[in-house]
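Trainee: Hi! Could you walk me through this protein? I'm new to reading structures.

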Amino acid sequence: MKKTIALWAALTAATLLVTGCAAEEPGAAPAAAKTNAPAADPAERDPAEGDPAEGDPVEGDPAAGHKAPEAPGGAAAAYRKWGLKPFAAPPAPPAVKPVIRKPGGPVPVISDIPTTEKIVFITIDDGAEKDPAFVRMMKDLKVPVTMFLTDSVVRSDYGYFAPLVAQGHGLANHTLTHPNLRTLSAEAQRREICGQQTKLAKRYGTTPRLFRPPYGNWNEATRTAAGTCGVDAIVLWRESMQIKNMQYQRGDKKLHPGDIILAHFRGPSELKGRTMTEMTATMLRRIQEQGFTVARLEDYV
């Protein structure tokens, strides 16, 4: 009997060796691929939405105490719900942020992040459209976005954005009343920026580090005012999402590593019948089509 068992064991081992069958190591996972590409060009003027794109303020990490949305690995079912395919997980954030305001130095003005990784950053302005489906979409997809909010259009329902902040999305400043700051005095600019810093801090318990001037219009007085209000970066953009496609600043009409994308909280009346979630899904497809994934802006600024 013992000889029979030994013979059976030997034959089984030989079969496994020939077929290549073996148990997987617990916890093993495939290595993530990394793609490099040329760094983005310096900021240019952006014609999108009629907004001149000069340097946009970069939002820092306003959501202190809020966990960033997790990478969407294993979320195929959630993505199918919105007619999308899952994004590749973004690379680990750099140990040292590539955009830093030096102590006593001017506030940096950026339109993209210096990186060779195939990542882009999504920013959404104003806050006029408050579609509950968008909150559910962001919860399902866990794609990080940064929200630049204007008091005059969100004051009727600041509560709408609380779940998005709780999900880990970035909270940033877009002034009290959305004026062309270049037409205002230095003190008036300061009131617009600092006033919204105070309101956002009171509503959400954290003071934004990033600021975007309306229309992308700013001057040195804007920079000085932003600095006195605790802003670490002024964030502009490289592309802006329209109804069905993106508008590009560069002639090659392509995304580049580190690009900041501008979108708006808009509804069917401004999107020719499309919803906020439909516009967002289209934007995400355009990003994927060019081989990019989405990273969290606050991890880089």
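This is a predicted model: local features need pLDDT of at least 70, side-chain atom pairs count only at pLDDT 80 or more; totals for chains, interfaces and linings use all residues.

Trainee: Got it. How many bridges join β3 to β4?
Mentor: Four bridges join them, and the two strands run parallel. Strand β3 covers residues 145-149, while β4 covers residues 170-173.

Trainee: And are the residues on the two faces of β4 buried or exposed?
Mentor: They are buried on both sides. G170 and A172 lie on one face, with L171 and N173 on the other. In a regular strand, side chains alternate between the two faces of the sheet.

Trainee: Let's zoom out. How many helices and strands does the protein have?
Mentor: There are eight helices and ten strands. The protein has 301 residues, and 50% of them count as buried.

Trainee: Which strand is joined to β9 by five bridges?
Mentor: That's β2, which runs parallel to β9. Within this pairing, I122 has I261 as its bridge partner. Strand β7 (residues 239-241) also pairs with β9 in the parallel sense, over two bridges. There, S240 is partnered with L262.

Trainee: I clicked on T123. Which strand is that in?
Mentor: T123 is in strand β2, residues 119-126.

Trainee: Why does T123 count as buried?
Mentor: Because its relative accessible area is 0%, and the cut-off for buried is under 20%.

Trainee: What does the side chain of T123 reach at 2.7 Å?
Mentor: The backbone oxygen of I261. The side chain of T123 also makes a polar contact of 2.9 Å with the side chain of R212. Beyond its sequence neighbours within four places, the contacts of T123 include T146, F148 and L297.

Trainee: New topic: how many residues are in the largest nonpolar core?
Mentor: It has 43 residues, and those with the most contacts inside it are I122, F134, L149, F161 and I287. Helix α8, residues 276-289, gives the most to this core, with six residues. A second, separate core has 19 residues, including L210, W218, A233 and Y300. In soluble globular proteins, nonpolar side chains tend to be buried together.

Trainee: Last one: how much accessible surface does the protein have?
Mentor: About 14300 Å², of which 57% belongs to carbon and sulfur atoms.

Technical notes
Residues are numbered from 1 along each chain as its sequence is written. Side-chain values use heavy atoms; hydrogens and water are left out. Buried means under 20% relative accessible area, exposed over 50%, partly exposed in between (1.4 Å probe, protein chains only). Two strands pair if DSSP finds at least two bridges between them. Accessible areas come from the Shrake-Rupley method with a 1.4 Å probe; for residues, only the protein chains shown count as cover. A polar contact is a pair of N or O atoms within 3.5 Å; within protein, one must be able to donate a hydrogen and the other to accept it, and residues adjacent in sequence count only if both atoms are side-chain atoms. Contact means heavy atoms within 4.5 Å. A nonpolar core is a set of buried Ala, Val, Leu, Ile, Met, Phe, Trp, Tyr and Cys residues joined through side-chain atoms within 4.5 Å.
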